Amino acid sequence: MPRPDEHRGVTPAAVADRYAAIRARTAALAEPLSPEDCCVQSMTEASPAKWHLAHTTWFFETFVLERFEEGFRPFAPAYRVLFNSYYNSIGDKHPRPERGLLTRPPLAEVLAYRRAIDARMAAVLARRDLSAEAVVLAELGIHHEQQHQELILTDIKHLLSLNPLQPAYGKTPESGSAAPEMVWMGFEGGTVVIGHGGEGFCYDNETPRHRVLLEPYRLASRAVTNGEFQEFAAAGGYRDARLWLAEGWDWVASAGRSGPLYWRRGGGEFTLGGVVPRDPGAPVAHVSYYEADAFARWAGARLPTEAEWEHAAAGALPVGNFGQDGRFHPRAADAAGLAQIFGDVWEWTQSAYAPYPGFRAAPGAVGEYNGKFMVNQQVLRGGSCATPEGHVRASYRNFFPAAASWQFSGIRLARDGL
């Protein structure tokens with residue numbers, strides 16, 4: 001993670017303001033949920049909303065207050081274990097598959113925990129003698145909470161999708177206009193530099209900045225749409241073993257998949273606004289890496305490498321359909337050029353999640369944040385309609401296992417040559 005001497009332009013006052021805004025946003029995301037909604041865990045990979053609310057608070061208590069608050073005392077000693085996610089250096093953890101069994105503490109107590117830690121964090125961030133390391137760790141906690149804001153939405157979507165009532169979390173997304181024609185945009189390649197550079201926050205897995213040799217390549221001007229993916233499914237794409245990686249073909253058989261995760265028979269799609277008619281012009285979402293790769297083969301293309309993606313996106317502003325308006329659903333592209341490179345859906349790349357040359361994890365428990373997951377994962381880029389606005393950048397590396405599809409994951413095609 002960031003070193004104590006990095007991001008020296010960030011002041012405690014600026015971090016304090018941003019802390020308050022981000023914490024309030026998380027609370028607002030939980031407001032539409034009942035206490036029962038907040039407690040249930042729909043699968044091992046997802047976590048209850050109540051756990052997200054508590055874990056993000058635990059992060060600030062553990063990594064900031066425990067080290068930098070005078071006379072620190074834990075809010076509740078048991079929380080050190082209950083809400084530790086994967087930090088072995090911190091100590092014991094409650095098993096991840098059993099987070100949905102934590103009916104106690106109740107939601108009201110978790111919210112009280114948040115309020116208490118918020119007040120203590122405000123006091124620490126107001127200190128004139130606060131060290132640069134404390135400010136950097138608080139900033140890290142803020143970005144960590146933004147990641148969990150998206151997870152709250154994706155995890156609650158999965159939970160509500162399993163309810164026969166098909167309940168809505170928020171407003172119903174309306175269908176948009178037809179997607180523009182997909183065109184191929186050429187990039188000459190050559191020796192390029194990728195990885196985070198310059199000012200501003202980044203995660204350690206975005207560094208160090210380094211050179212990569214790229215052959216000439218083309219990227220599709222927009223993400224693959226529902227209508228295009230429907231053609232793949234209707235053409236027997238899920239039944240043609242020639243299109244699938246061996247592991248992917250086994251996954252299709254074992255999971256019984258014949259379409260993206262939230263597609264419903266009859267042309268419907270489950271959204272955070274309930275079941276709606278599937279929008280043919282909107283980007284297809286909630287596909288696994290296996291599905292993305294099979295579609296690309298069927299389309300006579302491939303998935304981009306993460307270096308190609310970052311090289312192409314480097315000059316684009318990180319603006320798009322993020323979670324700012326509460327729609328939480330992809331929209332059809334409405335711009336020329338390299339559209340939807342940010343927002344709408346995370347875009348699978350063919351790149352395995354691995355360390356960049358010269359990468360070194362930060363010392364201590366905070367070094368467990370990214371580095372130890374650099375195996376059996378694929379990189380995704382660009383953010384989604386559930387990602388907080390301002391959270392991603394061209395160098396941002398998201399990662400999930402190849403079978404994961406409950407995130408807002410989609411497809412952008414690539415081809416060799418100009």
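The protein averages a pLDDT of 95, and 98% of its residues score at least 70.

- Over residues 1–8 the pLDDT is below 50. Beyond near neighbours in sequence, this stretch still has 23 contacts in the model.
- Where pLDDT is low, predicted coordinates should not be read in detail.

**The nonpolar core**

- The largest nonpolar core has 111 residues. Its members that touch the most others are M121, Y169, F229, I411 and L413.
- For a closer look at one member, follow I411. Setting aside residues up to four places away in sequence, I411 touches A223, V224, F229, V284, V287, A292, F295 and L303.
- Another core, of 5 residues, lies apart from the largest one. Among its residues are F359, M374, V379 and F399.
- As background, nonpolar side chains tend to be buried together in soluble globular proteins.

**Helix α1: one side turned inwards**

- Helix α1 runs over residues 12–30, which makes 19 residues. At 1.5 Å a residue it should span 27 Å, and its end C-alpha atoms are 27 Å apart, so the two values agree.
- The buried residues of α1 are V15, Y19, I22, R23, T26, L29 and A30. They cover an arc of only 115 degrees around the axis, so they sit on the same side of α1.
- What do the buried residues of α1 pack against? Their partners are α3, α5 (107–125) and α6 (132–161).

**Helix α8: a buried face and an exposed side**

- In helix α8, residues 246–255, the buried residues are G248, W251 and V252. Seen down the axis, they fall within an arc of 100 degrees and therefore line one face of the helix.
- On the other side of α8, the residues A246, E247, D250, A253 and S254 are exposed.
- The buried residues of α8 pack against α9 (289–298).
- After α8 comes G256, which has a positive phi, near 65 degrees.

- Most residues other than glycine have a negative phi, and most peptide bonds are trans. The next residues depart from that pattern.
- The peptide bond from R104 to P105 is cis, with omega near 0 degrees. P105 is found in the loop between α4 (79–82) and α5.
- The peptide bond from T207 to P208 is also cis, with omega near -5 degrees. P208 is found in the loop between β2 (190–194) and β3 (210–214).
- Q340 is not a glycine, yet its phi is positive, near 60 degrees. This residue lies in the loop between α10 (306–313) and β8 (346–352).
- Is Q340 buried or exposed? Its relative accessibility is 10%, and buried means under 20%, so Q340 counts as buried.
- D344 is found in the loop between α10 and β8. Although D344 is not a glycine, it has a positive phi of about 65 degrees. D344 is buried because its relative accessible area is 5%.

**Exposed spots and distances**

- D334 lies in the loop between α10 and β8. At 76% relative accessibility, D334 counts as exposed.
- D334 and Q350 are 16 residues apart in sequence, and their C-alpha atoms are 26 Å apart in space.
- G417 lies in the segment after β12 (414–416). Its relative accessible area is 23%, so G417 is partly exposed.
- Leaving aside neighbours within four places in sequence, G417 is in contact with P216, Y217 and R218.
- G417 and L82 are 335 residues apart in sequence and 52 Å apart in space, C-alpha to C-alpha.

**Cysteines**

- How many disulfides does a search of the whole structure find? The search finds 0.
- C202 counts as buried because its relative accessibility is 8%. C385 counts as buried too, at 0% relative accessibility.

Notes. Residues are numbered from 1 along each chain as its sequence is written. This is a predicted model: local features need pLDDT of at least 70, side-chain atom pairs count only at pLDDT 80 or more; totals for chains, interfaces and linings use all residues. Side-chain values use heavy atoms; hydrogens and water are left out. A disulfide is a pair of cysteine sulfur atoms within 2.5 Å. Buried means under 20% relative accessible area, exposed over 50%, partly exposed in between (1.4 Å probe, protein chains only). A nonpolar core is a set of buried Ala, Val, Leu, Ile, Met, Phe, Trp, Tyr and Cys residues joined through side-chain atoms within 4.5 Å. Contact means heavy atoms within 4.5 Å. pLDDT is the predictor's confidence in each residue, from 0 to 100. Helices (H or I, at least four residues) and strands (E, at least two) are DSSP runs, numbered from the N terminus. The expected span of a helix is 1.5 Å times one less than its number of residues. The arc is that of the directions from the helix axis to the C-beta atoms.
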